[in-house]
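Dear colleague,

Please find the structure below.

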Amino acid sequence: METAASTDELVNRADDLQLECGEGPSHRKRREFDIVVIDDTTRESRWPSWGLRVAELGWRAMLSVQLATPVRALGTLNLYAHAPNAFGPELAELAQIFGRHASIAVMGAQYSDSLRAAVASRHVIGQAQGILMERYQVDAERAFTILRRYSQERNIKLRTIAEQVIATHQLPQ
């Protein structure tokens with residue numbers, strides 16, 4: 001668990017306390033679009049150690065929304081307040097809607113990142129294929145087979161083998 005972004009250093013500290021205490025709203029069972037409202041951290045019975053320590057930071061209320069897709073949990077959106085009972089039903093509902101939108105945005109960003117990485121890997125592998133094609137006078141399919149065989153035999157990612165070929169202009173030893 002890590003805090004990807006926050007509005008305050010005390011928010012980071014409150015989130016870090018969940019790791020230190022081994023308990024807290026972000027440690028709960030993952031369920032799609034789950035929401036937790038803590039009216040008063042000093043009286044929190046589900047995570048008593050974390051509740052008391054976060055209250056010492058000045059946070060007296062918290063609202064935590066699960067960011068998730070139907071397939072997997074993505075994280076949580078945690079909102080903190082200095083006053084107890086700061087998060088009523090309307091705000092909780094609004095946070096849950098925002099959490100659904102944030103889940104879609106996070107999922108889209110992760111998908112976009114994985115596509116970029118795949119395209120980058122494909123380019124690196126293509127360059128290595130070209131080097132092998134020129135050096136050994138083989139076609140693209142044979143060059144890819146050579147790269148794949150080296151990857152499997154050495155239990156090294158294909159992209160890593162391809163990067164080595166690009167760097168040295170020869171197959172790894």
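This is a predicted model: local features need pLDDT of at least 70, side-chain atom pairs count only at pLDDT 80 or more; totals for chains, interfaces and linings use all residues.

In which sense do β2 and β3 pair, and over how many bridges? The pairing of β2 and β3 is antiparallel and extends over 8 bridges. Two strands are said to pair if DSSP finds at least two bridges between them. Strands (E, at least two residues) and helices (H or I, at least four) are DSSP runs, numbered from the N terminus.

Residues are numbered from 1 along each chain as its sequence is written, and side-chain values use heavy atoms, with hydrogens and water left out.

The sheet

The three strands form an open sheet in the order β1-β2-β3, with antiparallel pairing. Its edge strands are β1 and β3, each of which pairs on one side only. On average, neighbouring strands of this sheet are turned by 10 degrees against each other, direction ignored. Helix α1 (residues 9–21) packs on the sheet, where it touches β2 and β3, and its direction makes about 125 degrees with that of β3. Helix α3 also packs on the sheet, touching β1, β2 and β3, and its direction makes about 40 degrees with that of β2. Here a contact means heavy atoms within 4.5 Å; axes are lines fitted to C-alpha atoms, for helices over the stretch in contact, and angles run from 0 to 180 degrees between N-to-C directions.

Strand β1 (residues 35–38) is joined to β2 by 4 bridges. Within this pairing, V36 stands opposite S64, and I38 has M62 as its bridge partner. On the β3 side, A68 is partnered by A73, and β2 and β3 form a hairpin with 4 residues between them.

Strand β2 (residues 61–68) is mostly covered, as 8 of its 8 residues are buried, that is, under 20% relative accessible area, whereas exposed means over 50% and partly exposed in between (1.4 Å probe, protein chains only). A61, L63, V65 and L67 lie on one side of β2, and M62, S64, Q66 and A68 on the other.

A86 is found in the loop between β3 (73–81) and α3 (89–136). With a relative accessible area of 32%, A86 is partly exposed. Leaving aside residues up to four places away in sequence, A86 touches A61, A81 and L91. A86 and D39 are 47 residues apart in sequence, yet 6.9 Å apart in space, C-alpha to C-alpha.

The packing of α3 and α5

Helix α3 packs with helix α5 (residues 158–168) at an angle of about 45 degrees, their axes being 8 Å apart. The residues in this contact include A117, V124 and I131 of α3 and L158, A162 and I166 of α5.

Two residues with positive phi

N155 lies in the loop between α4 (140–154) and α5. Its phi is near 55 degrees, a positive value in a residue other than glycine, and N155 is exposed, with a relative accessible area of 73%. H169, in the segment after α5, has a positive phi of about 60 degrees although it is not a glycine. H169 counts as partly exposed, at 41% relative accessibility.
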